[in-house]
Amino acid sequence: MRPKKHGVANFFKALPKNIFSGFVVSLIALPLGLGLAMASEAPPIAGIIAAVVGGLLVSILGGSHVTITGPGNGLVGVLLVAITTLGLEGAYAAIICSGALLIILGFLRMGKLANFFPSSAIQGMLAAIGLIILGKQFHIMMGNKLVMNGSIDYLLAIPNTVKNAFFYQDKGLTYAAIAGVFSLAIMFFYARIRHKYLRLIPAPMWIVLISIGFSYYFELIVKKPHPIDPNYMISGIPTANEIVSQLPIPDFSFMGDLPFWTSVLALTLIASIESLLSIKAVDNLDPQKRRSNVNRDLKALGLATIGSGLIGGLNVVTVIARSSVNVNNGGTNRSANFSHAVFLVIFIVLFSTQLTRIPLPALMAILVYTGYKLASPALIRKIFSVGKEQLIIFFTTLLVTLFVDLISGIVAGVVITFVIHLFINRSFSLFFRNVMKPNVLMFQEGHSDGNYYVSVKHFCTFLNFYKLKEKLDDIPENEDVVVDFSMCEFVDHTVMENLSGYQDLFLKRDGHFEVIGLDLHETDSKHPFALRRLIPGLGLLQNNLTKRQTTLQEIADDYNIHYEAEKTQNAHFLDSFLFFKTKQIEAVYNRLYNTENTFRLFDINYSEGELIAKENVKTTMLHIKLNRQVPEFTLDREGFLERVYAFAGFKDIPIANHRDFSKRFYLLGESTAYIQSFFDDELVHFFESNPYYHVESNGTSLLVFSKERVAGIKEIKALYDFGKRLGKVIQETFD
């Protein structure tokens, strides 16, 4: 019983942080829910209903910990076809049936479904969905509602819409286009703003607040009608009482028709793939590195989808963007998902009339940006860097999805991947003989505490990776694992990408995951996820130093330390720092370090979030390895945001007899007494008399940095000097 009580105590201890995180997530879910519903030609409230029902039910019945549920981007195109073909009531019936199929998939333990699709084919499908969203909503964003036959037609009409937006439309539509363009600019440039106060409110909510403020400006100050055409303002948002009194009646009369079941299957396929991919990605972000019960989640999502469809809502899926925001704002358990649903109900009850002041183009700009993120040029460059054959898979899936439909697109992606694998291996008989049977042998070396050794023979591809995955999932993440591919003739991109995820998971849980036996395998690119085949022949790539790197080399010579420019992913000395618990380190480079490697200054590229919510950040940091044990703590400059965090359970630790320090600095940590004794007069005076830096201790080393950007040469010298003097002060404290 003790562990259970302890778990309950931890739940309530973390509850304020999760409520705060749920509130922040709701600020994104409100405009996104409205926009996704309208993009699907459903009533605006349908998206909010899906988020509320999903948040309430999945948080109680689901098997994940920090995910957020609601309407998904991937279902917009399928829902649009379903509503157009079956009508709104018929589409609700299809949604309910797709929820029932999700429950069946959960009971059949089909949570491994996403493992059977090639990574590049899934990326192609998501990119096609992004283009479908972008193509249709771009015209509404520019004040031009078009009705066309296919997704390609919408994309081809974009230049003409841009030309007409500001030259041939009346002023009401021109103002609508201006609102759309301005909102799109907010979405694009918000990610570049690192100001902690501005970033407290997500970009979509900034668009909502500015739009409502603009409406009141014309009504109360200018005393003129809103300049945007009334047809381009949100309408039809019912009050809470109206939602209850206007429950839809799903029309199941289409159940004997093929289009009905085509929509049901498409909704189920896309909802399950989007949810499973998001759950997998969010598990990588979970600071506690817990594994979700995906089959239980499928059942909960199916039940929530049925409930949502019965009261006029859309499909409920696990969404990556809102889940990433949840993790980044301190969400640690399901109460964050529940809280975000409760806040949405409060918003609708109190502010439903205010939402009609939002221009439709402003909301569509949010979806246009989402579509762009799903199909960005950076994604194509990344896939090309993995290998040319992956680009063929990607574009095949994308084009078939655009010209035919989503199901045909993903099937085409699987087929072309299979054909490419045949072509690469050149031996059809060898391929067909082994493709479905990698002989996976696993045993524990030595005694019960020995390393786990996994040998993979023949072929390992997306079609049979689940066999290897079953073995790897049985191994505790804090153990040492060696996966040997020396007897495997072919390893594809999907497998290599998944193995990289296992490496990160084991290392962050104090385990070790090593892949060996690929030294003699050939790749067509230097990307770590490139497919491998057993043909020798690898080369090296040389890079020239930039001007900044040349200067760093001069600094190293001047300070009598070492410098290495090349990138490395060997940054596991940072894993135990709280700052990186919810971030993924992409690479460390431009390293300045002493001979003992106890003092390291470096540039680092890390990411926040996953998939379309992923944001890359580059900055300069300093790592100092200490020769004594110190308390774990985080020290920052105190401001308004830190005082707000205090209400969410993040308590500042005061230092006795140093009122100015306690007022200017925000000090966090679990061992309050130990931290207070560590911050003696000399250390406090040091921080008070020096520039502000983020300083974090993991108990054996310090992490120091200033701004979330790459530092200039002068700033690097200042950081280097600050770190040397800080290390000296701490050493004198011990002595």
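Predicted model: local features only at pLDDT ≥ 70, side-chain atom pairs only at ≥ 80, totals over all residues.
Residues are numbered from 1 along each chain as its sequence is written, and side-chain values use heavy atoms, with hydrogens and water left out.

On the overall build, the protein has 26 helices and 17 strands, where helices (H or I, at least four residues) and strands (E, at least two) are DSSP runs numbered from the N terminus. The C-alpha trace spans about 80 × 75 × 60 Å along its principal axes. The radius of gyration, taken over C-alpha atoms, is 27 Å, which agrees with the value near 27 Å for a compact globule of 735 residues; the globule rule here is 2.2 Å times the number of residues to the power 0.38.

The protein is divided into domain 1 (2-390), domain 2 (443-532) and domain 3 (547-734), with bounds that come from an automatic or database domain assignment. Taken over C-alpha atoms, the centres of domain 1 and domain 3 are separated by 37 Å, and their contact, meaning heavy atoms within 4.5 Å, takes 26 residues from domain 1 and 25 residues from domain 3.

How much area do domain 1 and domain 3 bury between them? The figure is about 2200 Å², 62% of it on carbon and sulfur atoms, where buried area is the accessible area (1.4 Å probe) that two parts lose on being put together, summed over both.

Between domain 1 and domain 3 the count is 2 salt bridges, a salt bridge being a side-chain nitrogen of Lys or Arg within 4 Å of a carboxyl oxygen of Asp or Glu. The side chains of Lys-373 and Glu-615 meet in a salt bridge at 3.6 Å, N to O. On the side of domain 1 that touches domain 3, the elements giving two or more residues are α1 (2-39), α10 (258-285), α12 (320-328) and α14 (360-374), and α12 provides the largest share, 5 residues.

Across the whole structure, a search finds 14 salt bridges. In one that joins Arg-357 and Glu-219, the closest N and O atoms are 2.7 Å apart. Because Arg-357 lies in the loop between α13 (335-351) and α14, and Glu-219 in helix α8 (residues 203-222), the pair ties together parts that are 138 residues apart in sequence.
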